[in-house]
Amino acid sequence: MPSMIGVEICYATPVQYWLLPVEVPSGATAGQAIQLSSMLMLCSELRLDDLKVGIFSKKCTLDTVLKDGDRVEIYRPLTIDPKTARRLRAKKAAAQQ
């Protein structure tokens with residue numbers, strides 16, 4: 001019987017946040033942990049094959065093998081390019097002065 005490790009699966013929308021603890025067999029991947037959690041059922045908009053993920057804010061793949069205590073973060077797609085967002089904020093700040 002394989003030993004188990006504890007990891008967390010994390011996902012956030014603008015209005016809600018999920019942090020699900022899950023026990024997975026040692027040697028499990030990020031993709032397997034997401035499947036074993038209930039995240040895909042809770043958030044029906046998520047499709048495993050399309051997910052961008054990371055562990056503690058460092059991008060990884062769904063094939064990355066997890067270690068005990070890892071937090072797998074599911075990232076939402078960007079709605080605006082970061083450079084464009086920065087320019088818009090600067091323009092707004094300048095207009096308020």
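**A salt bridge and its surroundings**

Modeller: This is a predicted model. In it, the side chains of Glu73 and Arg71 meet in a salt bridge, with 2.4 Å from N to O.

Biologist: How many salt bridges does the count come to?

Modeller: A salt bridge requires a side-chain nitrogen of Lys or Arg within 4 Å of a carboxyl oxygen of Asp or Glu. The side chains of Glu73 and Arg71, at 2.4 Å, form such a bridge. By this rule the count comes to one.

Biologist: Is Glu73 buried or exposed?

Modeller: A residue counts as buried when its relative accessible area is under 20%. The relative accessible area of Glu73 is 8%, so Glu73 is buried.

Biologist: How does Arg71 count, given its 24% relative accessibility?

Modeller: Values under 20% are called buried and values over 50% exposed, with partly exposed in between. Because its relative accessibility is 24%, Arg71 counts as partly exposed.

Biologist: Asp70 lies in the loop between β4 (58–60) and β5 (71–75). Which side chain of opposite charge is nearest to Asp70?

Modeller: Asp70 is buried yet has no salt bridge. The cut-off for a salt bridge is 4 Å. At 4.9 Å away from Asp70, the nearest side chain of opposite charge is that of Lys67.

Biologist: How far does the backbone nitrogen of Lys67 lie from a polar atom of the side chain of Asp70?

Modeller: Here the atom concerned in Lys67 belongs to the backbone, whereas the 4.9 Å value refers to the side chain of Lys67. From the backbone nitrogen of Lys67 to a polar atom of the Asp70 side chain, the separation is 2.8 Å.

Biologist: Which residues does Ala30 touch, not counting residues up to four places away in sequence?

Modeller: Ala30 lies in helix α1, residues 30–36. Its relative accessible area is 0%, so Ala30 is buried. Beyond four places in sequence, Ala30 touches Thr61, Leu62, Thr64, Leu66 and Val72.

Biologist: In what order do the elements of the protein run from the N terminus on?

Modeller: The protein has three helices and five strands. From the N terminus on, these elements run β-β-α-α-β-β-β-α.

Note on methods:
Residues numbered from 1 in each chain as written. Predicted model: local features only at pLDDT ≥ 70, side-chain atom pairs only at ≥ 80, totals over all residues. Heavy atoms only, no water. Helix = DSSP H or I, 4+ residues; strand = E, 2+ residues; numbered from the N terminus. Buried < 20%, exposed > 50% of the residue type's maximum accessible area, 1.4 Å probe, protein only. Lys, Arg positive; Asp, Glu negative; His and termini not counted. Polar contact = N/O pair within 3.5 Å; in protein donor to acceptor, adjacent residues only side chain to side chain. Contact = heavy atoms within 4.5 Å.
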